[in-house]
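Hi there,

Here is the structure I promised to pass on to you. Have a look at it first, and then read my notes below.

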Amino acid sequence: MQQLTIFMDIESSRSYIDELYSADETKILEALIALKNSVIGSNRQKSSVIQQGIVPRLLQLMSEQNWDPNIRLEATITIGSLAKGTSDNVTALVEQGAAVALVEILKDVPIGTKLAEASLCALRSIFLNPPAPISALPSEMRLLSRLTQIAREGSPTARACVVRILSIWCGGPIEQEALCAAGACNAIAALLAPKGTSPPPIARALPALDLLAAMCFENANVSQVALNTRYGDKTIPELLTLLVSRDKPLPVAMGAARCLTFIHRAGAITADDSRVVFGALPCLARLCTKDMPEDIRATAAETLAYLAEVDTSLQRLAAISNHLMSSLADIVNCPSPAAKQGAFKCFASLGANAEDIRKRIIETHGLMVHVVNGMNNPEPSVRLAAVRCLHSLSRSVQQLRTTFQDHSVWRPLMQLLSESPGTELLTVGSSTLCNLLLEFSPAKEPMLDQGVVEMLCNLTKRPEAALRLNGIWALMNMAFQAEQKVKQRILSCLGTEQMFRLLGDSDTRVIMKTLGLLRNLLSTRQHIDAIMSEFSSQVMQAVIVVLEGSYPAEVKEQALCILGNIGDGEKAKDFIMANEDVLRKLVDYLAHPESKLQEAALFVAGNLVWKGEAGCAARQARLAELGVLRALKLLRQRPDAAHLHDKVKTALAQFNELT
């Protein structure tokens with residue numbers, strides 16, 4: 001039936017479609033007008049025209065400078081009408097070169113003409129259909145300067161179109177810097193400025209705010225330019241501050257607060273600036289309240305999360321602003337994924353640093369139930385935001401012992417991480433595991449039963465450094481004061497080959513946590529002896545690799561501390577004494593210029609020479625023979641090691657008649 005209808009449409013329009021290919025300009029113009037009228041308001045007609053292959057002819061007619069200007073205008077308007085059709089219609093237009101052709105027109109057409117305005121309207125319609133054809137608009141300074149000139153001087157429709165196009169096009173540092181160099185900040189200031197006592201109309205202000213936000217996001221240079229750009233006697237931040245007030249339309253206030261947030265986070269204005277403290281933050285808190293539309297609340301919550309993410313003072317201020325906690329708890333109950341995501345992100349930011357705020361968050365309207373439900377939400381963005389919230393709250397020692405245990409939050413988290421999640425979710429989730437596996441966390445035991453060791457060992461093999469770090473960090477936490485069977489399970493699962501790979505990792509933090517894991521495994525005398533009896537050659541080799549390698553001082557310090565732990569074992573210390581290379585390195589590190597390495601080497605020596613233990617006299621004699629005794633005496637005489645003198649004195653006192 002649909003095919004028959006299209007056939008009838010084609011037949012009824014065949015006469016004027018044929019005239020599009022006439023050599024008579026009058027007939028072409030009449031045919032264009034008829035075609036334009038036939039497609040207005042009808043997606044079926046739009047699809048029919050595109051399927052008939054007429055678009056290339058329309059692009060030819062609008063692009064040929066020798067044609068009657070009215071032909072070019074009508075062809076462009078028709079393309080614009082087709083671009084208001086379905087997503088498939090727009091995709092077909094882009095594939096046939098419509099976006100590129102429109103940009104070519106804008107390079108040369110006089111700025112104030114109807115053709116320029118029609119081209120911008122058509123291009124805006126195309127750009128509003130994702131994914132926008134970004135590559136069709138090159139970052140050429142001459143073109144961008146023309147477009148920003150239109151944004152300053154064009155008709156209201158042309159200005160709104162060009163700013164909306166540029167706000168979508170501006171997706172990264174290259175576009176941000178190009179627009180800034182082309183004078184976009186001046187154009188934006190003009191669009192945001194009031195006319196007398198009247199604020200800028202919403203149709204003009206909203207695209208300008210979106211463009212400013214896109215330009216300033218994570219760009220310090222552009223944000224600094226925006227900070228200093230004036231229109232009349234007011235800078236852009238001052239114009240934005242006027243727009244966040246209660247009497248402004250909600251989308252405008254939201255957009256202005258968002259711009260101030262981005263300018264602050266890019267470093268152009270500080271957290272204690274009045275435009276942040278008395279402008280952006282209270283505006284965003286107000287826009288989160290229950291009487292606001294859901295879409296505004298969702299955006300406000302997410303923007304407030306970004307504003308307060310890294311600054312404790314803003315977190316504290318936001319937490320007491322306009323009943324924000326109860327507003328966010330209510331937003332979590334909203335049906336839209338965007339609202340839930342925004343609320344979870346905001347809770348995560350507020351609780352990032354202060355224990356008292358985390359306590360208030362957890363006590364707010366049964367939030368933990370919502371977090372658990374959020375981790376089971378079908379929408380990936382909601383699951384990620386819920387895990388971010390859980391990660392922030394998991395920094396609380398008290399909550400790990402109480403609320404987290406009451407709600408068994410580890411269970412949905414483990415389930416989520418076992419379902420092949422994306423890298424971002426896996427990174428945040430494994431960071432949360434690091435906290436849940438701390439020694440005092442009750443979740444540690446049941447997670448062991450659910451295969452967390454194997455999951456974490458697999459993470460250490462991932463190509464992403466952040467995942468390797470989280471995997472080894474969580475294993476390190478798990479090994480702290482753990483039972484011997486847990487330690488041996490970790491070692492067996494991780495394997496010595498993987499441990500050596502981690503010790504050669506390109507990320508120093510991974511190496512540090514790997515050594516931290518070894519240090520935690522080799523604690524408690526009984527555990528030290530048991531592990532060294534099984535893994536002595538691998539452990540000693542790992543330590544030697546670090547001590548001989550070109551590692552930073554803090555890494556070598558960890559390796560020496562591992563030796564110190566081994567030296568505390570009853571039988572394990574024999575593995576150190578049997579390795580002359582290690583003992584000679586001990587002498588070298590006692591004389592090292594780095595104080596932390598002297599102290600770590602002193603820890604090793606002290607454990608090896610401690611009198612009253614079996615074989616101490618033989619160890620003392622051997623160490624004295626290799627120069628340890630002499631190195632200790634020299635260390636005692638060094639004025640720059642005065643803070644170590646008491647420890648040196650204790651170590652020397654262990655040597656019997658040898659001193």
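A word on how residues are sorted: Ala, Val, Leu, Ile, Met, Phe, Trp, Tyr, Cys and Pro count as nonpolar, Asp, Glu, Lys and Arg as charged, and the others, Gly among them, as polar. With that, the residues lining the second largest pocket divide into 7 nonpolar, 4 polar and 4 charged. To find a pocket, a 1 Å grid is laid over the protein atoms alone; a pocket is an open set of points where a 1.4 Å probe fits, with protein on both sides within 12 Å along at least five of seven lines, and lining residues have an atom within 4 Å of a point.

Before going further, please note that this is a predicted model: local features need pLDDT of at least 70, side-chain atom pairs count only at pLDDT 80 or more, and totals for chains, interfaces and linings use all residues. Residues are numbered from 1 along each chain as its sequence is written, and side-chain values use heavy atoms, with hydrogens and water left out.

**Pockets**

The second largest pocket has a volume of about 230 Å³, where a volume is the space filled by probe spheres set on the grid points, which are joined across faces, edges and corners. It is lined by 15 residues, and the closest to its centre are Arg72, Ile105, Val109, Pro110 and Leu115. The elements giving two or more residues to this lining are α5 (69-82), α7 (98-108) and α8 (114-127). Helices here are DSSP runs (H or I, at least four residues), numbered from the N terminus.

The largest pocket has a volume of about 630 Å³. Of its 26 lining residues, Ala305, Glu309, Lys345, Ser349 and Arg388 are the closest to its centre. Two or more residues each come from α16, α18, α21 (337-350), α24 (380-393) and α28 (423-436), and α24 gives the most, with 6 residues. The lining of the largest pocket divides into 9 nonpolar, 10 polar and 7 charged residues.

How enclosed is α18? In α18, 11 of the 15 residues are buried (under 20% relative accessible area, with a 1.4 Å probe and protein chains only; exposed is over 50%, and partly exposed is in between), so α18 is largely enclosed by the rest of the structure. Among the buried residues of α18 are Ala305 and Tyr306.

α28 is also largely enclosed by the rest of the structure, because 11 of its 14 residues are buried. Among them are Leu425, Gly429 and Cys434.

**Aromatic rings**

Rings of Phe, Tyr and Trp (its six-membered ring) pair if their centres lie within 6.5 Å; planes under 30 degrees apart count as stacked, over 60 as edge-to-face and the rest as tilted. By this rule there are 3 aromatic pairs. One of them joins Phe262 and Tyr306 edge-to-face, at 5.6 Å centre to centre and 85° between the planes. Phe262 lies in α16 (residues 250-265) and Tyr306 in α18 (residues 294-308), so this pair ties together parts that are 44 residues apart in sequence. Phe262 counts as buried at 9% relative accessibility, and Tyr306 does too, at 17%. Together with Phe217, Phe262 and Tyr306 form one aromatic cluster.

A charge sits over a ring if NZ of Lys or CZ of Arg is within 6 Å of the ring centre and within 35 degrees of the ring normal. The charged end of Arg265 sits over the ring of Tyr306, 4.2 Å from its centre. Lys513 lies over the face of Trp473, at 4.1 Å from the ring centre.

Enjoy exploring!
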